[in-house]
Amino acid sequence: MRIVVNGLGEMGASLALAIKNGQENAEIIGVDLNVKTLQRAKEIGLADEVNTDLFAVAPTADVIILATPIHIIIDSLHKLSHADLKSTVLITDTGSTKKQVMDAADELIKNGTSFVGGHAMAGTAKAGIDALDAHLYDSAPYFLVSENQADLDRLRNLLSSLHLNFVETTAKKHDEMMAMLSDLPHIVAASLVNASSLTLANHPELPQYAAGGFKDTTRIGGADPQMWTDILQTNRDATLEAIELYQQQIDTLKQALINNNSTEIFDFFAASKQTRMTMEEDF
Ligand SMILES: NC(=O)C1=CN([C@@H]2O[C@H](COP(=O)(O)OP(=O)(O)OC[C@H]3O[C@@H](n4cnc5c(N)ncnc54)[C@H](O)[C@@H]3O)[C@@H](O)[C@H]2O)C=CC1
Ligand SMILES: O=C(O)C(=O)Cc1ccc(O)cc1
């Protein structure tokens with residue numbers, strides 16, 4: 001089975017390796033713009049073949065996995081709808097947002113090509129092939145978006161050795177949940193880091209004294225700026241709603257503090273404590 005993976009960064013390379021380890025007949029054709037990445041993929045035996053041009057290898061593919069930044073996934077989907085592909089090819093992606101990706105796949109799907117949107121809730125703040133981890137996807141929630149049950153089953157089957165926790169959903173539901181679960185936390189972490197810069201300038205020793213609170217809350221403040229620009233711009237409406245909800249919380253606490261109202265300050269944290277405790281059962 002010829003599996004073309006476009007984008008051998010953290011998500012694409014890790015997925016390719018996990019599939020290769022789990023499927024004897026998987027032949028990985030690695031595609032990336034970065035020639036050094038392709039050299040590395042050959043060196044470590046991840047890719048059986050490499051190419052810098054997706055459209056040179058797409059016609060021979062049984063499976064195509066699009067694992068580049070989202071705006072490139074969208075562009076590739078438009079171009080693939082005019083490419084000469086095997087009629088049985090299965091195309092999927094790893095993009096963090098799904099509505100714009102599914103819209104871009106519309107023409108391809110209408111032409112009869114199998115496309116299933118995919119997204120794993122796995123990953124780190126690292127990027128590139130050096131962040132490769134064969135176990136990155138182990139037991140992760142994995143969203144699948146398609147209206148075609150046979151296509152969904154084909155992707156589940158391809159990824160069966162990864163022991164993923166599959167969740168079939170719609171692009172809209174997915175993106176609404178991601179705005180709160182992934183986009184807003186990255187905005188909050190980056191805001192906290194940015195807000196600390198003046199204090200950091202006045203007290204350069206500040207980070208030495210950080211306890212868990214600052215470290216835990218800012219961990220994802222080191223995420224890839226280009227990737228997060230891409231994610232937020234392809235999930236604008238839901239992310240703006242999430243920011244609005246967050247701003248309301250900040251305003252509530254700010255007003256309670258201006259009023260020096262102990263009950264309101266207490267209630268703010270008590271509500272959070274209660275909700276966080278119920279969430280912990282599902283973490
Ligand atoms: N890093 C994370 O935590 C997660 C990322 N994702 C999604 O997965 C996708 C990939 O993310 P990462 O692997 O983290 O990014 P990455 O930056 O580690 O890898 C992206 C790779 O795509 C290559 N690339 C860029 N433009 C290209 C083009 N035009 N043609 C071919 N290759 C190209 C880059 O050279 C790089 O090797 C993104 O769409 C992201 O939203 C999904 C879940 C988690
Ligand atoms: O490191 C974390 O906590 C993350 O949130 C990683 C992550 C980043 C992007 C995704 O689309 C999914 C997961």
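## Helix H2 and its cover

Among the elements covering the buried residues of helix H2 are helix H1, strand E2 (27–31) and strand E3 (49–51). Helices (H or I, at least four residues) and strands (E, at least two) are DSSP runs numbered from the N terminus, and covering rests on contacts, in which two C-beta atoms, placed from the backbone, lie within 7 Å. This is a predicted model, in which local features need pLDDT of at least 70 and side-chain atom pairs count only at pLDDT 80 or more, while totals for chains, interfaces and linings use all residues. Residues are numbered from 1 along each chain as its sequence is written, and chains are lettered from A and ligands numbered from 1 in the order in which they are written.

H2 spans residues 35–43, and its buried members are Thr37, Leu38, Arg40 and Ala41. Viewed down the axis of H2, these residues fall within an arc of 160°, so they line one face of the helix; the arc is that of the directions from the helix axis to the C-beta atoms. Val35, Lys36 and Glu43 are exposed, on the face turned away from that buried side. Here buried means that 20 or more other C-beta atoms lie within 10 Å of a residue's own, exposed means 12 or fewer, and partly exposed is in between, with C-beta atoms placed from the backbone. After H2 comes Gly45, with a positive phi near 75°.

## The chain and its core

Let's step back to the whole protein chain. It has 12 helices and eight strands, and its C-alpha atoms fill a box of roughly 70 × 40 × 30 Å along the principal axes. Of its 283 residues, 35% are buried. Among contacts with a separation of 6 or more, 74% join residues 24 or more positions apart.

The largest nonpolar core has 59 residues, and Val5, Ala16 and Ile64 have the most contacts inside it. H1 gives the most to this core, with seven residues. Such a core is a set of buried Ala, Val, Leu, Ile, Met, Phe, Trp, Tyr and Cys residues joined through C-beta atoms within 7 Å. Leaving aside residues up to four places away in sequence, Ala16 touches Val5, Leu8, Ile28, Gly30 and Leu46.

## Helix H5

H5 (residues 99–110) has 12 residues and reaches 16 Å from its first C-alpha to its last, close to the 16 Å expected at 1.5 Å a residue; the expected span is 1.5 Å times one less than the number of residues. Gln100, Val101, Met102, Ala104, Ala105 and Leu108 are its buried residues. Their cover includes H4, strand E5 (90–93), E6, strand E7 (141–145) and helix H7 (171–195). Gly112 follows H5 and has a positive phi, near 95°.

## Around the ligands

A residue counts as near a ligand if its C-beta atom, placed from the backbone, lies within 6 Å of it. Ligand 1 has 28 residues around it, of which Gly7, Gly9, Met11, Ser96 and Gly123 come nearest. Helix H1 (10–22), helix H4 (70–80), strand E6 (114–120) and helix H10 (225–233) each supply at least two residues of this shell. By class, the shell has 13 nonpolar, 13 polar and two charged residues. Ala, Val, Leu, Ile, Met, Phe, Trp, Tyr, Cys and Pro count as nonpolar, Asp, Glu, Lys and Arg as charged, and the others, Gly among them, as polar.
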